[in-house]
Amino acid sequence: MRSSRAEESVDVRALADEDLVPLMARGDARAFEAIYERHSGAAYSLAYRMVGTRASAEDVTQEAFMNLWRSGAHYDRRRGSVRTWVLGIVHHRAIDALRRASVHSRRRSDDETAAERLEAPERVDEDVARRDEAATVRAAIDHLPPDQVKVIELAYFGGFTHVEIADMLETPVGTVKGRMRLGLKKLHEALSHGAVGT
Amino acid sequence: MSTGPGHDRWADTAGAYVLGALPEDERTGFEAHVTTCEACRIEVDELAGAADALPVSAPAMVPPPALKARIMAEVNREAALLAAAGAGADRPEPAKPRREKRRWFGLPSLALACTTLLAGIGVGAAVFAGGGGKTLSVAATGSAAKAVAEVDVSGNKAVLVAHNMPGPGQGKTYQVWLKRPGEPPQPTPALFTPLSDGSATATVTGDLRDGDQILVTAEPEGGSPMPTSDPVLAAQMT
């Protein structure tokens with residue numbers, strides 16, 4: 001099924017993400033481009049944060065968006081926003097890349113967090129909405145105990161399993177799982193109630 | 001709030017689960033538990049919201065314009081092919097022989113060579129463990145002779161996964177073809193360019209039958225209605 005003439009006349013930039021996805025799933029490249037414009041910054045930032053080099057981050061971002069383009073029909077708005085869907089795909093592709101590159105074996109030599117090990121990113125000014133949101137989340141993370149932040153970051157950004165993290169930190173598996181759960185619970189509460197000092 | 005059987009064993013697991021930090025067997029076990037445990041289901045929903053916020057904390061970066069150009073070039077090519085293929089694109093009709101498409105496939109010796117190549121490497125199919133699909137071996141030749149690839153077939157979908165693929169050449173892209181026995185190859189919308197590490201994936205959907213061949217050639221950007229070069233990857237449905 002292809003885009004109709006009526007659809008071709010639609011200004012896709014005025015459409016909500018959730019309305020762009022069905023167009024994209026029908027092969028509308030303009031709808032895809034609008035989604036790319038809105039989310040590629042966050043996608044590339046996440047990819048870079050996880051894989052740590054520009055070339056790999058570009059590969060991950062490209063893989064993720066091509067996956068998005070080819071699987072738009074799989075989006076289910078009941079399971080979250082388009083942005084969450086996009087970033088979820090990026091996250092999975094980045095973990096695949098980390099595992100392909102065997103980055104794990106190089107990274108587990110000490111107990112730094114994955115974030116501390118990444119090369120200095122080329123920082124850019126963030127738009128106001130994203131900056132505020134990012135500041136809120138960073139402040140909420142900063143309020144967590146460091147040992148909880150460490151296991152959460154190693155798992156999410158580093159792609160490590162809780163067993164690998166337990167081994168890396170020489171900490172019981174149950175403790176690692178408990179820290180992940182408690183840290184996320186506190187993060188959820190902080191973000192839900194706005195109890196974050198920004 | 002009720003808990004399901006064996007809840008004590010899984011009580012601390014929701015955090016690791018939403019972070020994607022459970023090994024495969026443990027993840028499967030926890031997902032089975034969640035279907036029977038209201039407490040864990042609620043906690044997974046709650047913690048997933050927190051995990052979804054984590055990517056926002058990544059330092060903001062701007063993707064290079066060249067990345068968008070690369071992606072949009074690929075997307076526009078596929079969109080054009082999809083549009084050209086029309087409503088039947090997702091369910092291709094049996095191919096109608098077209099003389100102009102017979103470049104190398106129309107030459108008996110080369111067709112035979114292709115068949116011999118496939119037979120020579122012992123194309124075989126292995127049943128997936130539980131997926132109901134098949135994994136086909138792929139013959140790599142020519143400029144892609146060092147590539148390692150396989151095709152996973154499940155239902156009417158075939159996913160080509162390749163590693164060590166060379167670039168298709170300046171101004172070119174790889175294109176996937178579906179060839180029925182005794183018929184010329186039909187173009188599919190699947191065009192791809194390997195990533196910098198040589199890995200590549202491409203997905204083909206359609207009525208895949210035993211005896212069909214899935215072929216990959218290097219084609220001019222935008223793809224071709226007929227092959228303009230010899231196949232570098234070939235797999236046969238069995």
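This briefing covers the folds of chains A and B and the contact between them. The model is predicted. Chain A has 11 helices and zero strands. Chain B includes an open sheet of five strands. Between the chains, 59 residues of chain A are in contact with 47 residues of chain B.

**Chain A: overall make-up**

- From the N terminus on, the elements of chain A run α-α-α-α-α-α-α-α-α-α-α.
- Chain A has 198 residues, and 44% of them count as buried.
- Take the contacts in chain A between residues at least 6 apart in sequence: 65% of these join residues at least 24 apart.

**Helix H4 of chain A**

- H4(A) covers residues 54-70.
- The helix has 17 residues and reaches 24 Å from its first C-alpha to its last. That is close to the 24 Å expected at 1.5 Å a residue.
- In H4(A), 13 of the 17 residues are buried, so the helix is largely enclosed by the rest of the structure.
- H4(A) also supplies at least two residues of the side of chain A that touches chain B.

**The side of chain A that touches chain B**

- The contact joins 59 residues of chain A to 47 residues of chain B.
- Seven helices of chain A each supply at least two residues of this side: H3 (29-51), H4 (54-70), H5 (82-100), H8 (128-142), H9 (146-156), H10 (162-169) and H11 (173-193).
- H3(A) gives the most, with 12 residues.
- By class, the side of chain A that touches chain B has 28 nonpolar, 14 polar and 17 charged residues.

**A:Ser45, a residue of H3(A)**

- A:Ser45 lies in helix H3 of chain A.
- A:Ser45 has 29 other C-beta atoms within 10 Å. The cut-off for a buried residue is 20 or more, so A:Ser45 counts as buried.
- Leaving out residues up to four places away in sequence, A:Ser45 touches B:Ala58, B:Pro59, B:Ala60 and B:Met61.
- A:Ser45 and A:Ala57 are 12 residues apart in sequence. In space they are 8.1 Å apart, C-alpha to C-alpha.

**Chain B: the five-stranded sheet**

- Strands of a sheet pair through backbone hydrogen bonds, either parallel or antiparallel.
- The open sheet in chain B has the order E3-E10-E9-E6-E7, with antiparallel pairing.
- Strands E3 (139-140) and E7 (186-192) of chain B stand at the edges. Each has a single partner strand, so one side of each is left without a neighbour in the sheet.
- Strand E6 (residues 172-179) of chain B pairs with E7(B) over four bridges, in the antiparallel sense.
- In that part of the sheet, B:Leu178 stands opposite B:Gln186 in E7(B).

- Strand E4 of chain B spans residues 148-154.
- B:Ala149, B:Val151 and B:Val153 form the covered face of E4(B). The uncovered face holds B:Val148, B:Glu150, B:Asp152 and B:Ser154.
- Strand E2 (residues 134-137) of chain B runs antiparallel to E4(B), and four bridges join the two.
- B:Thr135 has B:Asp152 as its bridge partner in E4(B). B:Asp152 belongs to the uncovered face.
- Strand E5 (residues 157-163) of chain B also pairs with E4(B), in the antiparallel sense, over seven bridges.
- B:Val151 stands opposite B:Leu160 in E5(B). B:Val151 belongs to the covered face of E4(B).
- E4(B) and E5(B) form a hairpin with two residues between the strands. There, B:Gly155 takes a positive phi near 65°.

Definitions and conventions: Residues are numbered from 1 along each chain as its sequence is written. Chains are lettered from A and ligands numbered from 1 in the order in which they are written. This is a predicted model: local features need pLDDT of at least 70, side-chain atom pairs count only at pLDDT 80 or more; totals for chains, interfaces and linings use all residues. A residue is buried if 20 or more other C-beta atoms lie within 10 Å of its own, exposed if 12 or fewer, and partly exposed in between; C-beta atoms are placed from the backbone. Two strands pair if DSSP finds at least two bridges between them. Two residues are in contact if their C-beta atoms, placed from the backbone, lie within 7 Å. Ala, Val, Leu, Ile, Met, Phe, Trp, Tyr, Cys and Pro count as nonpolar, Asp, Glu, Lys and Arg as charged, and the others, Gly among them, as polar. The expected span of a helix is 1.5 Å times one less than its number of residues.
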